[in-house]
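Let's go through this one by asking and answering. Have a look at the model before we start.

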Amino acid sequence: MRKFSVVSLEKNFDKLRKIREENGVAYEINDFYMPNLLDDENRIDKLITTYNNENIPPESTMHGAFFDIMVFSDDERIREVAKFRVNQSMEIAERLGVSGVVFHVNCNPLLDGEAYNRGVIERTAEVYEELLEKYSETNIFLENMFDGGPFILEKISEKLCRYKNYGVCLDVAHGTVTGTPLEVWFERLSSYIKHIHINDCDGKKDLHLPVGRGKLIWSDVFGLMDRYAKEASVLIEVTDPVGQEQSIEYLKANGFWS
C-alpha cells in the first residue's frame with residue numbers, strides 16, 4: 001500500500017489530528033525551514049518539544065531549509081552559510097525522530113552550461129555525502145525545484161545512490177511547469193525516486209492547488225508513479241487542511257488511494 005502524508009504546521013494541529021485519524025497519513029513537517037525561526041534557538045527548542053509531545057506518525061518527514069540554500073555556490077561564504085543551514089536541518093530532524101529530510105537542489109536553469117552544471121553536481125554531491133554519512137539513520141531526499149530537466153539531479157544521484165539513506169523527491173508540479181515531459185523525469189530518475197510531492201497547478205506555475213482542482217491529468221501521473229516509482233511515499237503538498245481533505249477525497253473517489 002502506498003504511504004501518503006500531508007503538510008504539517010504546528011498551528012494546524014487540531015485539524016491535522018482529525019485528518020490523521022481518519023486517513024492514516026503521516027506528516028511532512030514544514031515549520032522548520034523559515035530563516036527567522038532557524039535563528040531562534042529558544043523557538044526551535046519549544047517547537048521540537050511541541051512536536052515530540054504530539055507523537056507524530058511513524059514515517060513522517062521534514063522539509064529542510066531551502067530559501068537561498070546553494071551548497072554549490074562559487075562564493076565560499078554563501079556556501080558555508082548553506083552548509084550550516086542543511087546541517088542545522090539534519091540536527092533538528094534527528095531530534096524530531098523523523099524518517100527523512102527533503103532538500104531542494106536549487107540550481108538556476110538560466111545559468112545552464114557545462115562549467116556551472118559541473119560545479120552544481122560535484123559540490124552538491126560532496127556536501128550531501130558528508131550528511132549521508134553523518135546522519136546514516138535519516139533519509140535525505142533531494143528535490144527538483146527550478147531544474148529544467150532531470151539531468152543534474154540524475155548525475156548527483158549517480159554519485160550518492162550508494163548510500164541506503166539517499167533518494168530523490170520528485171515534485172510533480174515542479175517537473176510539469178518546466179515543459180520537460182513528466183515521463184522523462186520519472187524514467188531518468190526511476191532508480192532513485194523514494195518520495196514524491198503532489199499538488200495541482202495550471203501547467204504554468206506551481207500553485208499548490210488541491211489535487212483535482214487544476215489541470216494535471218492524475219490518471220497519467222499515477223500511471224507513471226505505478227510504472228516507475230511504485231514504492232515511493234507520497235506527500236500531498238497542500239498547506240491548508242481544507243485543501244488536504246479535498247485532495248484526499250479526490251484521490252479516494254478516483255481510485256488512487258491505495
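Q: Is Asp68 buried or exposed?
A: Quick ground rules: this is a predicted model, where local features need pLDDT of at least 70, side-chain atom pairs count only at pLDDT 80 or more, and totals for chains, interfaces and linings use all residues. Residues are numbered from 1 along each chain as its sequence is written, and side-chain values use heavy atoms, with hydrogens and water left out. For accessibility, buried means under 20% relative accessible area, exposed over 50%, and partly exposed in between (1.4 Å probe, protein chains only). Asp68 has a relative accessible area of 66%, so the label is exposed.

Q: Where does Asp68 sit?
A: Helices here are DSSP runs (H or I, at least four residues), strands likewise (E, at least two), and both are numbered from the N terminus. By that scheme, Asp68 is in the loop between β3 (61-63) and α4.

Q: What is phi of Asp68 near?
A: Most residues other than glycine have a negative phi. Asp68 isn't a glycine, yet its phi is positive, near 60°.

Q: Which value is phi of Asn106 near, and is Asn106 buried or exposed?
A: Asn106 is in the loop between β4 (100-104) and α5. Here too a residue other than glycine has a positive phi, near 70°. With a relative accessible area of 8%, Asn106 is buried.

Q: Which residues does Asp147 contact, leaving aside its neighbours within four places in sequence?
A: Asp147 lies in the loop between β5 (139-143) and α6 (151-160), and it is buried, with a relative accessible area of 2%. Its C-alpha atom is separated by 6.9 Å from that of Asn108, 39 residues apart along the chain. Contact means heavy atoms within 4.5 Å. On that basis, the partners of Asp147 are Val105, Cys107, Leu153, Thr178 and Trp185.

Q: Which residues does Leu142 touch, not counting residues up to four places away in sequence?
A: Leu142 is one of the core residues that touch the most other members. Its list runs Phe103, Val105, Thr124, Tyr128, Leu153, Ile156, Leu160, Tyr166, Gly167, Val168 and Cys169.

Q: Is Ala115 buried or exposed?
A: Ala115 is in helix α5. At 54% relative accessibility, Ala115 counts as exposed.

Q: Is the crossing of α1 and α10 left-handed or right-handed?
A: Axes are lines fitted to C-alpha atoms, for helices over the stretch in contact, and angles run from 0 to 180 degrees between N-to-C directions. Helix α1 (residues 13-23) and helix α10 (residues 241-253) pack at about 15°, axes 10 Å apart, and are therefore roughly parallel; angles under 35 degrees count as roughly parallel, over 145 as roughly antiparallel, 65 to 115 as roughly perpendicular and the rest as oblique. A crossing is left-handed if the near helix is turned anticlockwise from the far one by less than a right angle, and right-handed if clockwise. For α1 and α10 the crossing is left-handed.

Q: Are α4 and α5 roughly parallel or roughly antiparallel?
A: Helix α4 (residues 76-96) passes α5 in a right-handed crossing. Arg79, Lys83, Val86, Asn87 and Met90 in α4 meet Arg123, Val127, Tyr128, Leu131 and Lys134 in α5. Their axes come within 11 Å and cross at roughly 30°. The two helices are therefore roughly parallel.

Q: Is Gln88 buried or exposed?
A: Gln88 is found in helix α4. Leaving aside neighbours within four places in sequence, Gln88 is in contact with Leu38, Glu41 and Ile44. Its relative accessibility is 6%, so Gln88 counts as buried.

Technical notes:
A nonpolar core is a set of buried Ala, Val, Leu, Ile, Met, Phe, Trp, Tyr and Cys residues joined through side-chain atoms within 4.5 Å.
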